[in-house]
Amino acid sequence: SSDLDLKNNADNAYLTTMLLTYPRNLRIKKTMERTSPSTSMQCEDRAMVASMRPSISCKIGHPVFKNPLARFAIIWQLEESAFPEPNATFEINITCINEVAVPVIHSVTLPRSEE
């Protein structure tokens, strides 16, 4: 599983959206909110195009993300026994429509372990 912590350091964030891109041989089995009070997270898989990696788009606290911190967990399901590529790359892009908002983009690349 993966834990995601999203901090809201300034004013309320309007229409906050997270796009998570992940390796082809992983599937998202479940998403869970871990914040109290809870921040709603509504996710949907994006249509997969052969040339693109799979992704999921999540609305965080729509229409207004008010909490200073939202915590989520993603439970993964492995589709194959090994990653087909030498590295597993995950990319997160978080945006909102506030006037002075700057998108948050984070990428993590994990090397494949040798068996």
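Three strands, in the order 1-6-3, make up an open sheet with antiparallel pairing. Its edge strands are strand 1 (2-7) and strand 3 (26-33), each of which pairs on one side only. On average, neighbouring strands of this sheet are turned by 25 degrees against each other, direction ignored. For such angles, axes are lines fitted to C-alpha atoms (for helices over the stretch in contact), and the angles run from 0 to 180 degrees between N-to-C directions.

Strands (E, at least two residues) and helices (H or I, at least four) are DSSP runs numbered from the N terminus, and two strands pair if DSSP finds at least two bridges between them. Strands of a sheet pair through backbone hydrogen bonds, either parallel or antiparallel. Here, strand 1 and strand 6 (residues 69-78) pair in the antiparallel sense over 6 bridges. For example, Asp5 has Arg71 in strand 6 as its bridge partner.

## How the model was read

This is a predicted model, in which local features need pLDDT of at least 70 and side-chain atom pairs count only at pLDDT 80 or more, while totals for chains, interfaces and linings use all residues. Residues are numbered from 1 along each chain as its sequence is written, and side-chain values use heavy atoms, with hydrogens and water left out.

Leu20 finds its bridge partner in Ile92 of strand 7.

## The cysteines

Which cysteines does a disulfide join? Cys43 and Cys58 are joined, with S to S at 2.0 Å; a disulfide is a pair of cysteine sulfur atoms within 2.5 Å. The pair links distant parts of the chain, 15 residues apart: Cys43 lies in strand 4 (residues 41-45) and Cys58 in strand 5 (residues 55-65). The disulfide is right-handed because the torsion about its S-S bond is about 110 degrees.

Cys43 is partly exposed at 29% relative accessibility, whereas Cys58 is buried at 1%. Buried means under 20% relative accessible area, exposed over 50%, and partly exposed in between (1.4 Å probe, protein chains only). Cys96, at 24%, is partly exposed. Its sulfur is 16 Å from the closest cysteine sulfur, in Cys58, which is too far for a bond.
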